[in-house]
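Here is a set of questions and answers on how the terms used for a protein model are decided. Have the sequence and the structure open while reading.

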Amino acid sequence: MNIKPFSKLIFIMNNKCNFHCKYCWPLKGDDIISEAVIDKALKLLLSYFQNSIQVIFYGGEPLFSFDQIKFIVDNLQQNIKKDCLSFDYHITTNGSLLSEKVLDFFQIHRFQVVLSFDGYAQNKSRKIGSYTDLSQKITKILNNHPGIPLATNSVFMPQTVSYLFQSIRLVVELGVKDVQIAFAEDCIWDDAHIQTLKSELIKLVEYLSEIYYEKDVPVNLFKRSEGKVGEGVSRRFQCMGGIDRMVVDHWGDLWGCFQFNEYFRKTLDPTVKALYAFGNVMDERMDFEENYRRVMPNYLKLRQSVFVTTENTSCFLCDHIEMCSSCPVYSARLSRQIGMIPVSHCQFQSLLSEIKELYSSYCSSQNISMEAP
Ligand code: SF4
Ligand code: SF4
């Protein structure tokens, strides 16, 4: 390839975790990425990356592989001068293994840390007793490690949705400037839960509207989604897998997005690997460029306009298509088919569209931006 399509290099460091979050779907185990896989992956892939690269670490809990993270960073830092590359490091962690030593390392290399923290739902949804530890760590990072850009990701499920507003307000008041909200959509949300979600989100919109100028905090549910292509009526969602990113998993398999790795490891569906894996870095005979040309058309087909629901309704004909960004692989956790969206997910998307429009019309009336600074 004489082009450099990628700007995001993602490592799945392991499948090991010490939490048992109720909504966590991926398979757990004791597999950790090896230095041999890392070495091969960097040698194979770096020449396909633009000069400025986001390096993202996921798990399991990636800090079980702190030595391997250091190995990757040391290796990449050697390329900074040689190849004029720059690296921007990101990690998503449950926070339990965030020691001073780890935080110092993050501060030196300016890691952006996304802390999984569900606020007042933490002890119910993630791990009993972890609320106090995590809220103290948030304060400590903000006070003692100002060089670490800190974000939080809070996940709500039907059993914890009534904690949403208070939890997000808590995170904002703790001082976090980048607040992400996600939902466990691969479970049943009945009408009562949807109503609770709606009233929690409306309370949140009202609160954010009041504090916007004072705290300047973007809450990512209301940011524009990446993967929206085109302008105006043609702004439709496109999966970005393989377009600007490449994932190396702890077995050395290459994917366009971590979602494919998680889905494949859990379902072991061989067609998923045949259609969406770009090969394995330990395979000496692998021809990455040939694989990329063969596999990439399958990713490019993953657009909102071609998705259908489990009731056989086409997204193309749906009124919400411009606001919708349905991950086709996440949806498959329920529907068992990539690109088929469970109808329960549509309910969600409609509600989120409604709330986003509410927030967006408030922002336009006040002449403020929905984008993160
Ligand atoms: S749509 Fe899903 S699979 Fe595609 S890049 Fe986004 S998260 Fe990954
Ligand atoms: S609401 Fe459902 S049918 Fe409509 S675009 Fe979104 S996923 Fe498709």
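Q: What makes strand 9 and strand 10 (residues 253–255) a pair, and in which sense do they run, parallel or antiparallel?
A: Two strands pair if DSSP finds at least two bridges between them. Strand 9 and strand 10 are joined by 2 bridges, and they run antiparallel. One of the contacts between partners is that of valine 248 with leucine 254 in strand 10. The hairpin of these strands has 4 residues between them, and glycine 252 there takes a positive phi near 95 degrees.

Q: What kind of model is this, and how are its parts numbered?
A: It is a predicted model, in which local features need pLDDT of at least 70 and side-chain atom pairs count only at pLDDT 80 or more, while totals for chains, interfaces and linings use all residues. Residues are numbered from 1 along each chain as its sequence is written, chains are lettered from A, and ligands are numbered from 1 in the order in which they are written.

Q: What counts as a helix or a strand, and how many does the protein chain have?
A: Both are DSSP runs numbered from the N terminus: helices are H or I with at least four residues, strands are E with at least two. The protein chain has 12 helices and 13 strands.

Q: Why is the protein chain called as compact as a globular protein of its length?
A: The radius of gyration is taken over C-alpha atoms, and the globule rule is 2.2 Å times the number of residues to the power 0.38. For 373 residues the rule gives 21 Å and the radius of gyration of the chain is 21 Å, so the chain is as compact as a globular protein of that length. The C-alpha trace spans about 55 × 50 × 40 Å along its principal axes.

Q: Which strand is joined to strand 9 in the parallel sense?
A: Strand 1 (residues 6–12) is joined to strand 9 (residues 245–248) by 4 bridges, and the two run parallel. Leucine 9 stands opposite methionine 246 in strand 9.

Q: Why does isoleucine 355 count as buried?
A: A residue is buried if 20 or more other C-beta atoms lie within 10 Å of its own, exposed if 12 or fewer, and partly exposed in between, with C-beta atoms placed from the backbone. Isoleucine 355 has 20 C-beta neighbours inside 10 Å, so it counts as buried. It is found in helix 12. Of the 373 residues of the protein chain, 35% count as buried.

Q: What does isoleucine 355 touch, not counting residues up to four places away in sequence?
A: Two residues are in contact if their C-beta atoms, placed from the backbone, lie within 7 Å. Isoleucine 355 touches Leu201 and Val205. Its C-alpha atom and that of lysine 198, 157 residues apart along the chain, are separated by 8.0 Å.

Q: Why is helix 8 (residues 258–267) called largely enclosed?
A: Because 8 of its 10 residues are buried, helix 8 is largely enclosed by the rest of the structure. Among the buried residues are Phe258, Phe260 and Tyr263. What covers the buried residues of helix 8 includes strand 1, strand 9, strand 10 and helix 11. Helix 8 is followed by leucine 268, whose phi is positive, near 50 degrees.

Q: How do you know that the buried residues of helix 6 (residues 164–174) are on the same side?
A: They are Leu164, Phe165, Ser167, Ile168 and Val171. They cover an arc of only 165 degrees around the axis, which puts them on the same side of helix 6. The arc is that of the directions from the helix axis to the C-beta atoms. After helix 6 comes glycine 175, with a positive phi near 110 degrees.

Q: What makes the strand 4 (residues 112–116) mostly covered?
A: In strand 4, 4 of the 5 residues are buried. Strand 4 also pairs with strand 3 (residues 86–93) in the parallel sense over 4 bridges.

Q: Which residues come nearest to ligand 2?
A: A residue is near a molecule if its C-beta atom, placed from the backbone, lies within 6 Å of it. Of the 15 residues around ligand 2, Cys315, Cys318, Cys324, Cys346 and Gln349 come nearest.
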